[in-house]
Amino acid sequence: MSNQKGGPPINETRRHILGLTIAIGARMAAMGSLAGTFLSSPAKAGGKAWWKIGGSNPGKGHGNGNGRSGNGSSPGGGPMCLLRGTSIMTPSGEVRIEALRIGDLVATVRGPAMPIKWVGRHVYRRSGPMWNKNVVPVRIARLAIDGQRPHKELYLSAGHALYLDGVLIRATDLVNGTSITPALPDARDTIEYFHIVLDTHEVVLAEGAPVETFLLEDCNYEGFTNFVEFARLYPADHSSAMTPFAPIVGYGGREHLKALLRLASGRLVRASPLQHTYERLAARGEELD
C-alpha cells in the first residue's frame with residue numbers, strides 16, 4: 001500500500017538518497033562540479049554500464065542475506081533466484097521452475113528455445129520467529145510492469161534482475177511500496193529458490209515477465225546449495241565467465257549522485273535508465289493501488 005497520495009512512494013534506496021541529501025548539504029556545490037565529469041562519462045562496452053554498481057552485478061546476486069556465503073550469492077549469502085512455484089515459459093507452455101530438468105527447453109526473449117544446462121537451488125530455513133528481511137523475496141504484483149506483465153504475482157529474490165527498457169535491473173532497486181514490495185505469498189518455515197543456467201546469459205519469461213538466467217562468473221555457482229553437482233558435471237566451467245545479456249544497472253556511487261542532483265533540481269536533471277524505469281513503475285503502482 002502507498003504511504004501518501006500525490007506522488008510515488010519512497011523505497012529504501014530513495015530514503016537513503018534523502019538521507020544523503022541532508023548529510024551533504026554543505027557539499028552540494030562541490031558535488032555539482034563533479035557531476036559534469038560523471039555525467040559525461042561514456043558507457044563501457046561488453047554489457048556493462050558506467051552507472052552499474054561498482055563490483056556488483058545482478059547476475060551474481062549481490063545484496064545482503066543470512067544464508068550460505070559464496071560467490072553465487074551475495075557477500076552475506078543472499079539468494080539470487082526465483083521462488084518455488086514460479087512458472088517459466090517453455091515451447092510447450094508454462095512449467096514450474098522446480099519441475100524443470102537438465103536438457104529441458106525454455107523459451108528465450110532473444111528468440112530460439114535453449115536447453116537447460118543446470119538448475120541451481122538455494123534452501124533457507126527459518127531459525128527465529130521472523131524471516132531475515134534479506135532472504136524474503138520481492139513480490140512483483142500482477143500487471144505491475146504493464147497491461148500484460150506479469151500475468152500472475154511474481155516472487156524473486158532481491159538480487160535477481162528483470163530485463164526492462166533495454167537494461168537489467170535488480171528487483172530490490174524497483175521496490176516502490178505498492179506494486180513491488182518485499183513479501184512472501186504465505187506463512188512458511190522454508191524458502192526455496194531456483195535458478196536456471198543456460199550456455200549463455202539469457203532472458204526468459206517468468207509468469208510472463210522478462211527475467212535473467214544465471215550469469216556464470218568467477219565460480220559463483222558455488223553459492224548454490226547443490227553446487228557440487230555443477231562442479232561434477234562441468235569441471236571445465238569452473239572459472240568460466242559469461243557475457244551479460246544487456247547492460248546491468250543499479251544504485252551505486254554515480255547513480256546515487258545523479259539521483260541526488262535530480263531530486264535537488266526538481267527533476268530538471270535527465271533521469272538515468274534506472275531512474276526512468278523506477279519512476280514509470282512507481283507511477284503505475286499508484287494507479288494499481
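1. Helices here are DSSP runs of at least four residues, and strands are DSSP runs of at least two, numbered from the N terminus. On that basis the protein has five helices and 15 strands. The model is predicted.

2. Start with the whole chain. The protein has 289 residues, and 51% of them count as buried. Take the contacts between residues at least 6 apart in sequence: 67% of these join residues at least 24 apart. The exposed surface comes to about 12,900 Å², with carbon and sulfur atoms supplying 54% of it.

3. Next, the interior. In soluble globular proteins, nonpolar side chains tend to be buried together. The largest nonpolar core here has 34 residues, and L154 and L162 have the most contacts inside it. Strands 7, 8, 9, 10, 12, 13 and 14 each supply at least two residues of this core, and so does helix 5. Another core, of 26 residues, lies apart from it; V197, C219, Y221 and I248 are among its members.

4. Helix 5 covers residues 273-288, 16 residues in total. The helix reaches 23 Å from its first C-alpha to its last, close to the 22 Å expected at 1.5 Å a residue. Its buried residues include L274, Y278, L281, A282 and G285. An α-helix has 3.6 residues a turn, so residues three or four places apart point the same way.

5. E192 deserves a look. This residue is found in strand 12, residues 190-197. E192 counts as buried because its relative accessibility is 14%, below the 20% cut-off. Which side chains make polar contacts with the side chain of E192? One is the side chain of R84, at 2.8 Å. Another is the side chain of R121, at 3.2 Å. Beyond its neighbours within four places in sequence, E192 is also in contact with residues including L82, L83, H122 and V123.

6. Now the backbone. Most residues other than glycine have a negative phi, and most peptide bonds are trans. The peptide bond from R149 to P150 is cis, with omega near -20 degrees. P150 is found in the loop between strand 7 and strand 8.

7. Two aspartates are also worth checking. D165 has a positive phi of about 55 degrees although it is not a glycine. D165 is found in the loop between strand 9 and strand 10, and counts as partly exposed because its relative accessibility is 46%. D218 also has a positive phi of about 55 degrees. Its place is the loop between strand 14 and helix 3. D218 counts as partly exposed, at 42% relative accessibility.

Key
Residues numbered from 1 in each chain as written. Predicted model: local features only at pLDDT ≥ 70, side-chain atom pairs only at ≥ 80, totals over all residues. Heavy atoms only, no water. Buried < 20%, exposed > 50% of the residue type's maximum accessible area, 1.4 Å probe, protein only. Polar contact = N/O pair within 3.5 Å; in protein donor to acceptor, adjacent residues only side chain to side chain. Contact = heavy atoms within 4.5 Å. Expected span 1.5 Å × (residues − 1). Core = buried A, V, L, I, M, F, W, Y, C linked by side-chain atoms within 4.5 Å. Areas by Shrake-Rupley, 256 points an atom, 1.4 Å probe, with all protein chains shown as cover.
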